[in-house]
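Please look at the sequence and the structure before reading on.

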Amino acid sequence: MNQNDGEGCPGAETCRETRGKPLNRYSSRPETEVCAGCVFLPTKPEAIDEEIVRFVSIALELSEVERSGGKFAYPDALSALEWACLIGLTRGKDGAESLKRERERKEERLKKRKEQLGK
C-alpha cells in the first residue's frame, strides 16, 4: 500500500458499485481482466492469503484488548507468533500515520504555493 500513497483496493463489490472505480467503469469486461491491470490488485481483500488473514485477525484481537486497557507482560504473556502479529500491526499503523502526515504536509505546501501565486 505504501507504493500507492496509502490507498488500497476497496474490494470487488465496492469497486463494482462505486462510480468511477475500475470495475464500475469497465463493467462489460471480466473482473479478473480489469483487476489484473489495477495497481491496487495486491491489496485486494479477496486476494489476501488465508494464512495472512489469520495473522491479521490475531493482531486485531490483541490490539482490541490493548485499547480496552489490557497489558501484556513481555515475553511470557503472548506466544512469539502473537508478539509478531501485534508488532506488525503497530508498525503498519505507524507507517500509515506517517504517510498521512506526509500527504497533509504536501497538501499544505501546495495550498501555500497556490496562495502565493494568487497574490
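The model is predicted. Its largest nonpolar core has eight residues, and a nonpolar patch lies on the surface.

**Nonpolar cores**
- The eight residues of the largest nonpolar core are I58, A59, L62, L78, W83, C85, L86 and L89.
- Two or more residues of this core come from each of the elements α4 and α5, the latter spanning residues 80-118.
- The element that gives the most to this core is α5, with four residues.
- Another core lies apart from this one and has five residues, including A12, C15, V34 and C35.

**Contacts of I58**
- I58 is one of the residues of the largest core.
- When neighbours within four places in sequence are left aside, I58 is in contact with L81, E82 and C85.
- Among these, C85 is also listed in the largest core.

**Surface patch**
- The nonpolar patch on the surface is formed by I48, I52, V53, V56 and L60.
- Together these residues have about 380 Å² of accessible area.
- V56 belongs to helix α4, which covers residues 50-67.
- V56 counts as partly exposed because its relative accessibility is 42%, and partly exposed covers the range between under 20% (buried) and over 50% (exposed).

**E102 in helix α5**
- E102 is found in helix α5.
- With a relative accessibility of 27%, E102 counts as partly exposed.
- A polar contact of 2.8 Å joins the side chain of E102 to the side chain of R105.

Note on methods
Residues numbered from 1 in each chain as written. Predicted model: local features only at pLDDT ≥ 70, side-chain atom pairs only at ≥ 80, totals over all residues. Heavy atoms only, no water. Patch = residues over 30% accessible without salt bridge, like charges linked within 9 Å, V, L, I, M, F, W, Y side chains within 5 Å. Areas by Shrake-Rupley, 256 points an atom, 1.4 Å probe, with all protein chains shown as cover. Salt bridge = Lys/Arg side-chain N within 4 Å of Asp/Glu carboxyl O. Buried < 20%, exposed > 50% of the residue type's maximum accessible area, 1.4 Å probe, protein only. Core = buried A, V, L, I, M, F, W, Y, C linked by side-chain atoms within 4.5 Å. Contact = heavy atoms within 4.5 Å. Polar contact = N/O pair within 3.5 Å; in protein donor to acceptor, adjacent residues only side chain to side chain.
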